[in-house]
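Notebook open, model loaded. I want to go through the strands, then the helices, then a couple of loop residues.

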Amino acid sequence: MTRLHAMPLLAFALFVTASCASTGAGSGDSKTYERLEGPIEAQERRIEELSRRNGELDREVKELRAKLAKLKSAEELVESAKGEISEEARKIRERFQGDSDISVEATGDGYRFVLHEQVLFETGSSDLSEKGKKVLGSVADALRGGTASINVEGHTDDVPVGKPVTLQKSPRGNIVLSTDRALSVWEWLVKSGQLRESRLSVTGYGPHHPHVPNTSDQNRFRNRRVEIRVAESD
């Protein structure tokens, strides 16, 4: 074959090779697109779902903020009410300041008088002493004429009742003893203290509501008490 005839054939071969190469590249791009199309659509759906959820979360946050604002407002009202209650407790505390037989403490809904066992009773007894009656007279003077409800609570320490005389009167132990003591105080406040019976209630807790842990003789002494709780919020 002459040199002149070989040149067109070479050109034709180069053309065919280039065409094949071009066709192969196009096929690869198509397959790559098909392979990525599924994950791309999945990501798009995920983005849409996240966008929708984000909108829901925004609404939930707004609702929670509104509820928080209401709670804050309610707490402010409660604190304001506590301030008024504390003012009443302050006046009562000032009245009995320096009295070693009576302590006055503020509570969540009012205040309470705390009277220890030795102020009101003999050990193991539920009969009021003369000193106890005098002390209760001071309490009654402070409460007379009011309308707030009053609960007389009896409390003991965790030592079981041991005196035979006390066991005879309180065979069920400290629960009965604490109730009997609260009843004695209640009866005196109504009959001698001239407080309306409708204002007063009675509860005996025995050792179950200690003021301090029963871990020493001093603490047990503090737990043997009668509390006269005044609920100013009623």
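I started at the hairpin: three residues connect S1 to S2. I'm working on a predicted model, where local features need pLDDT of at least 70, side-chain atom pairs count only at pLDDT 80 or more, and totals for chains, interfaces and linings use all residues. Residues are numbered from 1 along each chain as its sequence is written, and side-chain values use heavy atoms, with hydrogens and water left out.

**Strands**

I checked how strand S1 (residues 103–106) meets S2, and found an antiparallel pairing over four bridges. For my own record, two strands pair if DSSP finds at least two bridges between them. Helices (H or I, at least four residues) and strands (E, at least two) are DSSP runs, numbered from the N terminus.

Next I followed arginine 112 of S2. Its bridge partner on one side is glutamate 105, and in S5 its bridge partner is arginine 229. S2 and strand S5 (residues 225–231) run antiparallel, joined by seven bridges.

How much of S2 is buried? Six of the seven residues in strand S2 (residues 110–116) are. I take buried as under 20% relative accessible area, exposed as over 50%, and partly exposed as in between (1.4 Å probe, protein chains only).

**The sheet**

Then I zoomed out: five strands make an open sheet, ordered S1-S2-S5-S3-S4, with mixed pairing. S1 and S4 are the edge strands, each pairing on one side only. Direction ignored, neighbouring strands of this sheet are turned by 20 degrees against each other on average. H3 packs on the sheet and touches S2, S3 and S5; its direction makes about 170 degrees with that of S2. H5 also packs on the sheet, touching S3, S4 and S5, and its direction makes about 155 degrees with that of S4. Axes here are lines fitted to C-alpha atoms, for helices over the stretch in contact, and angles run from 0 to 180 degrees between N-to-C directions.

**Helix H3**

I tested the length of H3 (residues 130–143). Its 14 residues should span 20 Å at 1.5 Å a residue, and the end C-alpha atoms are 20 Å apart, so the two agree. The expected span is 1.5 Å times one less than the number of residues. I listed its buried residues too, among them Val135, Leu136, Val139 and Leu143. Just after H3, glycine 145 takes a positive phi of about 90 degrees.

**Two loop residues**

Which residue has a positive phi although it is not a glycine? Glutamine 194 does, at about 60 degrees. I placed glutamine 194 in the loop between helix H5 (174–191) and strand S4 (200–206). With a relative accessible area of 57%, glutamine 194 is exposed.

Threonine 156 sits in the loop between strand S3 (149–155) and helix H4 (164–169). Is threonine 156 buried or exposed? It counts as buried, because its relative accessibility is 3%. Leaving aside neighbours within four places in sequence, threonine 156 has contacts (heavy atoms within 4.5 Å) including Asn174, Leu177, Gly206, Pro207 and Arg224.

**Whole chain**

Last, the overall tally. I get six helices and five strands, in the pattern α-β-β-α-α-β-α-α-β-α-β along the sequence. Of the 234 residues, 29% count as buried. Among contacts with a separation of 6 or more, 65% are between residues 24 or more positions apart.
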